[in-house]
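Here are my notes on the model you asked about.

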Amino acid sequence: MAILRFKALELVDQRQALTVKPFAARRSDSFGQNVFNLEAMRANMPGEYFKKLQAAIKHGTPVERNVADAVASAMKTWAMAKGATHYTHWFQPLTGATAEKHDSFFDLNSDGRPIENFKGSALVQQEPDASSFPNGGIRNTFEARGYTAWDPTSPAFIIETVGAKTLCIPTIFVAYTGEALDYKAPLLKSLAVLEKAAVDVCQYFDKDVQRVNTTLGIEQEYFLVDKALYDARPDLVMTGRTLFGHAPAKGQQLEDHYFGSIPPRVHGFMLEFEEEANALGIPLRTRHNEVAPNQYECAPTFEDANLAIDHNQLLMDVMERVALKHNFKVLLHEKPFAGVNGSGKHNNWAMSTDTGVNLLAPGRRPKENLQFLAFFITTVKAVHRYADLLRASIASASNDHRLGANEAPPAIMSVFLGSMLDGVLDELERTAKLPLDKGDNIYLKLGIDKIPAIILDNTDRNRTSPFAFTGNKFELRAVGSSANCSSAMTTLNAIVADQLIDFKTEVDELIAQGKKKEVAIVDVLRSYVISSKDIRFEGNGYSDEWKDEAARRGLANVPTTPLALDAMVRDNAAELFARHGILSHTELHARHEILLEDYTKKIQIESRVLGDLAVNHVIPTALAYQNKLVQNVRGLRELGLDENSEVTVEMIKSISRYVSTIKTTVDAMVEARKVANRVEDARERAILYCDTVKEKFAAIRRATDKLELLVADEDWPLVKYRELLFRH
């Protein structure tokens with residue numbers, strides 16, 4: 001192993017930055033060139049069918065069969081002109097990754113003659129094998145049938161891999177019996193529910209609003225390490241994170257990597273994946289060094305939420321493929337290195353109307369500010385009401401390592417508003433009790449007209465808050481860097497929609513009692529401000545004081561995934577999703593079981609890798625080095641230099657203690673795993689893996705990291721942190 005480590009380091013020293021040729025002189029010229037977008041549709045489809053397709057997409061109505069045939073024909077013509085030979089339904093099963101089964105345009109007609117064929121029926125629906133995808137008991141293993149169905153709101157695109165081009169068609173994935181087996185289907189349902197609820201509330205303020213679009217901007221953090229160094233770390237290869245590694249003398253404490261100059265090799269990688277992403281219609285705008293060494297971030301402009309999530313899933317795939325060309329590996333794990341910042345995926349979420357109004361941005365007039373407050377306060381109320389469910393939506397084995405660390409929001413859900421808006425809500429709570437006389441200006445009297453038209457610079461950012469208002473949007477910072485954002489966004493859409501529906505019901509009841517519309521709105525909002533006050537926190541979410549304060553407020557602090565997931569299947573969550581037709585009880589319980597199984601399997605894999613490395617690599621290395629020290633002591637004593645051997649003897653004893661700790665703890669971990677594996681209940685098994693298997697990791701790691709400091713550098717088998725984090 002030590003030989004492999006040093007050969008890897010030699011390779012790194014020989015690497016050169018690759019020259020990347022831009023697709024076009026300007027990014028705008030090549031943007032979306034590999035996407036079957038509006039321009040491509042218009043150029044390849046008869047005008048009549050193009051208009052029918054756009055109308056179906058706009059109004060959410062089914063695409064007629066003849067229109068589907070026209071779209072399929074146009075897609076095939078466009079894709080083949082760009083060199084595509086195959087097509088695939090591109091979907092997002094509950095593995096967290098994307099999936100695809102390629103079919104060729106090549107076919108034989110009834111006479112046995114070769115043709116290129118792609119019908120509307122093949123566009124609209126496919127039948128991939130569903131037996132091996134996670135289903136949480138919805139399907140038996142021998143029942144393989146599942147269906148993918150075209151999502152016309154997300155445009156098809158072409159991916160090129162090793163010279164072969166494939167037309168990818170975004171789809172949902174459902175079981176033969178109709179249950180959703182993916183992330184996209186519930187997301188689309190939640191978006192539709194939120195749109196209707198938001199439009200109904202908008203009618204209080206503007207009768208012209210007919211549609212509300214949910215927008216999303218996803219910031220993606222990641223690490224880059226050289227592929228040779230990655231391959232020399234079995235733990236990185238098998239688990240995505242380092243299970244061992246002593247902290248280097250220099251980590252991120254000087255804060256010199258953050259926004260620093262981008263290393264040449266990394267810059268070349270960024271240029272190429274940005275060019276590919278740009279051609280796929282992913283509107284990346286930002287790239288920079290993040291806080292930790294070898295950590296980076298990219299971010300797009302805002303898009304429709306469904307498309308933004310598709311693009312983020314596609315972006316992760318593009319990044320990984322391009323990284324290999326540059327001899328890098330992209331690490332998307334939330335905490336690949338202990339002691340330095342982990343990686344998140346900040347979801348910037350907002351709602352906008354078809355009249356061009358961002359519902360989470362204050363306006364220029366008091367009436368617009370009342371509309372802003374209606375959506376703003378209702379969102380805060382929704383997060384307070386369903387905080388545990390939102391926490392469950394971002395839970396995973398990998399994100400557990402990050403949440404609550406010194407660079408990530410804690411597992412406690414809270415909302416940061418900024419001092420100015422926090423003061424506005426306090427003012428609303430105090431003054432709304434004032435009696436209103438005829439002729440009074442309600443906006444002036446309640447302080448609503450004091451909200452400035454532009455508050456982007458009046459609201460600070462709080463990196464310790466899991467859900468922060470940042471001027472014209474909410475930023476859900478707690479989502480992990482490897483996650484499919486659909487889970488969190490489906491939950492957020494659902495809880496806000498549910499609260500908007502309740503808001504309208506309550507306002508309508510007050511209006512029916514004779515209250516003026518504006519007064520009724522303010523009365524309901526004030527009640528929300530009062531009842532959700534506990535979720536608002538403006539301080540340091542990393543502090544121990546906040547944990548104590550949160551407990552006093554009754555806010556849950558559930559740091560581990562198995563217990564956090566309980567919120568998914570509580571009655572209020574099941575009723576919420578079923579009430580709005582987003583997830584049935586069966587689908588919800590299936591997802592709960594899938595997530596528990598996923599957690600157990602990941603901890604199980606980590607445990608096995610940890611044990612293998614510790615027993616078969618670390619201990620033999622330590623014992624071999626200990627034998628060298630023993631020989632050294634013998635030599636000193638033969639020379640009569642017993643007093644000079646004392647330090648070496650202490651090193652020998654230390655190695656023995658650490659080796660003993662590793663072996664006994666690994667044995668205990670294996671036994672704990674055997675006990676957990678005999679438990680049939682998925683929740684109980686996951687809890688056991690968390691409490692009795694994972695609990696052993698820290699002791700094994702501490703002993704191993706101490707050995708790393710004792711064993712000679714030339715003998716240590718694992719690539720060290722200083723090499724992984726600072727060699728590029």
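The points below go through the cores, a few helices, some backbone angles and the salt bridges.

1. First, the ground rules. This is a predicted model, so local features need pLDDT of at least 70 and side-chain atom pairs count only at pLDDT 80 or more, while totals for chains, interfaces and linings use all residues. Numbering starts from 1 along each chain as its sequence is written, and side-chain values use heavy atoms, with hydrogens and water left out.

2. Start with the inside. The largest nonpolar core has 128 residues, and Trp 349, Phe 376 and Phe 503 touch the most other members. Helix α22 (residues 585-638) gives the most to this core, at 14 residues. A core here is a set of buried Ala, Val, Leu, Ile, Met, Phe, Trp, Tyr and Cys residues joined through side-chain atoms within 4.5 Å. Buried means under 20% relative accessible area, exposed over 50%, and partly exposed in between (1.4 Å probe, protein chains only). Helices (H or I, at least four residues) and strands (E, at least two) are DSSP runs, numbered from the N terminus.

3. Zoom in on Phe 376. Leaving out residues up to four places away in sequence, Phe 376 touches Leu 360, Leu 417, Leu 421, Leu 425, Phe 469 and Phe 474; contact means heavy atoms within 4.5 Å.

4. Which residues of α15 are buried? They are Leu 421, Asp 422, Val 424, Leu 425, Leu 428, Glu 429 and Thr 431. Val 424 has a relative accessible area of 16%, and its C-alpha is 7.8 Å from that of Ile 448, 24 residues away in sequence. The length of α15 (residues 419-431) checks out: its 13 residues should span 18 Å at 1.5 Å a residue, and the end C-alpha atoms are 18 Å apart. The expected span is 1.5 Å times one less than the number of residues.

5. Helix α17 (residues 486-512) has 27 residues and reaches 38 Å from first C-alpha to last, close to the expected 39 Å. Just after α17, Gly 514 takes a positive phi of about 105°.

6. Two residues other than glycine are worth a look for their phi. Most such residues have a negative phi. Phe 259 has a positive phi near 60° and sits in the loop between α9 (234-239) and α10 (264-279). Asn 294 also has a positive phi near 60°, in the loop between β10 (284-289) and β11 (295-300). Buried or exposed? Phe 259 is exposed because its relative accessibility is 55%, whereas Asn 294 is buried at 1%.

7. On to charges: the structure holds 52 salt bridges, each a side-chain nitrogen of Lys or Arg within 4 Å of a carboxyl oxygen of Asp or Glu. In one of them, Asp 498 pairs with Arg 579, with the closest N and O atoms 2.8 Å apart. Asp 498 lies in α17 and Arg 579 in α21 (residues 571-579), so the pair ties together parts 81 residues apart in sequence. Asp 498 is buried at 2% relative accessibility, while Arg 579 is partly exposed at 46%.

8. Arg 391 bridges to Asp 400, the closest N and O atoms being 3.8 Å apart. Arg 391 is buried at 3%, and Asp 400 is buried at 11%. Please also check Arg 5, Asp 713, Lys 720, Arg 722 and Glu 723, which are linked in a network of salt bridges.
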